[in-house]
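I opened the file and kept notes on what I looked up. I began with the overall picture, then went to details.

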Amino acid sequence: MASSHGRDIPESKTAAATPSSSQLSGKPPSASKEKSRLNETYQGPVAPWRKWGPYVSERSWGGVREDYSPWGTAWDFLTHDMARSKAYRWGEDGIAGICDRYQLLVFALAFWNGRDAILKERMFGLSSPEGNHGEDVKEYWFYLDNTPTHSYMRMLYKYPQEEFPYARLVAENAQRRGPEVELLDTGVFDQDRYFDIFIEYAKAGPEDICIRVEAFNRGPEPARLHLLPHLWFRNTWAWTDPPGSEPSIARATRGKNHITLVADDATAPPIPNLQFPYSLGKYYLYAPAGGEVLFTDNETNAPRAYGSWATNRKPHVKDAFHRYVIHGEQCVKHESGTKSCIHYCHDVAAGDSVVLHLRLSSRPYSDPLTDVDDIVHLRQQEADEFYETVHPPEATPEERLIQRQALAGMLWSKQIYIFDVQSWLEGDNPQWPPHESRKRGRNSHWRHLNSMRILSMPDKWEFPWFASWDLAFQCVTLALVDPEFAKHNLWLLLFEQFQHPNGQIPAYEWEFSDMNPPVQAWGCWRVYQIEKRDTGKSDLAFLEKCLHKLLINFAWWVNRVDSQGNNVFEGGFLGLDNITVIDRGQKLPGNAVLEQSDGTGWMGFFCLYLMRIALELSDHNPVYEVLATKFFEHFIYIGAAMKKMGGRNYQLWDENDGFFYDVLRFPNGDFHKLRLRSLVGLIPLFAIEVLEKRDLESRPDFLANVEWFIRNRPDLVGNACYAIGCRGSCMRYVLSIADPEQFHRIAVRLWDPAEFLSDHGIRSLSKYHQAHPFCFGENRLGYEPGESEAQLKGGNSNWRGPVWFPTSYLLIHSLLRFSQALGPDFVVKPSDGGEAVTPRFMAEEIAERMIRIFTRDKSGRRACFGENKKFQTDPHWRNYLLFNEYYHGDTGKGLGASHQTGWTGLVASLIDEWRR
């Protein structure tokens, strides 16, 4: 690849503005050591305190980047069983792994209980064909703490003392009927026969990392535990012909009380495609004396990976430590290699623990381990100090725990995303080209995409890649602790090496060309607002550069997914993995077109946030008033189209039912309205903006254009824009797809426990369809509050009843806007004759119900744990939270990906917003 395709964006080199005296946040004083580290100025392309972090995936096996199969069957190409033997091309994985900014050098932990058939080097899970709903991890670990610079990090891994039941989990899930079989269901944690392994990292300096591992035997008898800290270089040398030169890890002179390994990349070529030089120099791993030092090379075991005909490049290969420890094979080296570990074995008494101190540093030390505990303790205190500046003043201790663990999970889920699509499609080595079908398959139109960025991921196991609409929600929450990183991530998707030349934003790695909801403009605006609120800094440069690229993306949407030019959008499944009765991701028979309420609602939402950004910028450059006018008018076109459909005899709004529906339109002009009450019909509520007239007086051109449009185009404006007045004068203009009467009718259903209102938030499908399934042709869809039995989208059709945080979060904010628009006298009268409520009350109550998913009720239960007794009552489990992908619509139990802290991390934002 030419260097222009691989240039990287250096992190911001300017310090954030000092918090102003007119703080709007109501938080405690913002000074802390961690915030000082965040604000440090620096020279060079990499912020020193961000150089090392948890940028290592929990799983690279079974992922798209490592899939070179002819048919794109990623899970079959590089399986969990093969992962220990095959060198990764695009990024490493490991348990509690850390690495440098460009993942040249990686540190992670491995374990063995003396019984497993596999050295525990990485997390295990199953795919949809193996009997799961989507991809499901079968392990238990918890991200307990983290700071934005990763000056302090803590996590917990629970490791059974019995043989890990790999085969049983596969076999029983393949035959399952009903809920999936989880690791706890197999009995390996019975009688508490497991180790709680706490891993802590504390930076003594930017390139000086203290590591403390403490393993507790929770069982009733002594148990043996093998601890194997690993240090290795990512294989950057073996893919070309001829191969490149290699770095090395070697054993240094033994210290008095410690072992030293020296990792040196001096013999390796620099990373190609960067605009600046980057190398590590020497790094030292210090460990206690008494361990056995082992070396091998991070090279593929070719006969095991490809067949007996294949030969290894090197005699020592990636899986040597597994074979040596488990099977006693003499297959390791003892002096040097590109992969190393130190093998410790401990017999741990019942109820006792063993502690391992390590240090990874660019500095040579004569006595490196004596102050590890002190540094860990200091950084933990500084993390406490930092979070005191983050937690809102009215949050309870339990809510602070929830918020801190949610943020910890998001910070742990930062990963380096290494992917050069051109090289992936063509192959690195002409002697070993990929199958010809690859050039016509997945992501073949995204050859420009080239990344070595640190990105926020939804989940380091199920989703070891970015997802564009997830990312927007993640950044909104991350802005509470690290607005610079949040802004950088939002910008990356708009940067030339991500955004397609045609304007499309890549959806996610499985298929970049899929369409996720256009939430980036909202994300940019919210992050801008949060930073302005908490620091007093108005980063208009960020807002302006994002707006310019968002305009290109908006044009792509208009030209690509509005096939009739009527401002009614199709858009495919739009992130709601087949919430409807037909597969929205597939071409419909007979050239039919699905005109979508959610697609059109999302575009109205997109318009309004582009307008809002343009108005903000117009305070500093009046030229942006013209752009704000353009998006005001385009929103009106969209709002009118949803009601009038370009003059056709149907609309997405249904006057009889008082709800928005999708419409299936046939080439001959016939249409069929899909009367399914789902989130699809609620999304148009997201498109609402309130313009206070007094605020517009400083933008006279925009105000004049708005008033001219309202006076002269009533045929278009209709009720998509209306004035709210007081004593005959206009106070505010309300832009909303749903007019007040339509909003009231939808809100009645929203507030009905027999429809959308769950004790735990807003259901994605009305409970009405439990007794009244929706049928279309041979297809039938009913309310499914938990995991769906439908196998559409690879078994991920889980928008048919569960509560999801991202859409519920947007709905809460929409209700607040309706409250602002319609005033305190507007109330929603429930259909059952219950007490009338205001939109603001609805918003607050929905937020409280979502927070209560995680808090204990009066009986001490957390709804998110369901009926899992271990999690509900055991003192070693009950305070460790998982942030699932979605939640049961009736019980609030966490479902789907167990670590998708990404958008479920919005609970941290809810606590922030409702505890001030």
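I counted the secondary structure elements of this predicted model: the chain has 26 helices and 33 strands.

Next I looked up the overall dimensions. The C-alpha atoms fill a box of roughly 85 × 60 × 60 Å along the principal axes. I compared the radius of gyration with the globule rule: for 916 residues a compact globule would have a value near 29 Å, and the chain has 28 Å, so the two agree.

Of the 916 residues, 65% count as buried. Among contacts with a separation of 6 or more, 73% join residues 24 or more positions apart. The chain exposes about 32200 Å², and carbon and sulfur atoms supply 50% of that area.

Strand 25 pairs with strand 27, residues 729-736, in the antiparallel sense over five bridges. In this pairing I found Val690 opposite Val734 of strand 27.

Last, I turned to the surface. Tyr306, Trp309 and Trp432 form a nonpolar patch there, and together they have about 460 Å² of accessible area. I placed Tyr306 in helix 5, residues 302-306.

Methods
Residues are numbered from 1 along each chain as its sequence is written. This is a predicted model: local features need pLDDT of at least 70, side-chain atom pairs count only at pLDDT 80 or more; totals for chains, interfaces and linings use all residues. Side-chain values use heavy atoms; hydrogens and water are left out. Patches are made of residues with over 30% relative accessible area and no salt bridge: like charges are joined within 9 Å, nonpolar side chains (Val, Leu, Ile, Met, Phe, Trp, Tyr) within 5 Å. Accessible areas come from the Shrake-Rupley method with a 1.4 Å probe; for residues, only the protein chains shown count as cover. A salt bridge is a side-chain nitrogen of Lys or Arg within 4 Å of a carboxyl oxygen of Asp or Glu. Helices (H or I, at least four residues) and strands (E, at least two) are DSSP runs, numbered from the N terminus. The radius of gyration is taken over C-alpha atoms; the globule rule is 2.2 Å times the number of residues to the power 0.38. Buried means under 20% relative accessible area, exposed over 50%, partly exposed in between (1.4 Å probe, protein chains only). Contact means heavy atoms within 4.5 Å. Two strands pair if DSSP finds at least two bridges between them.
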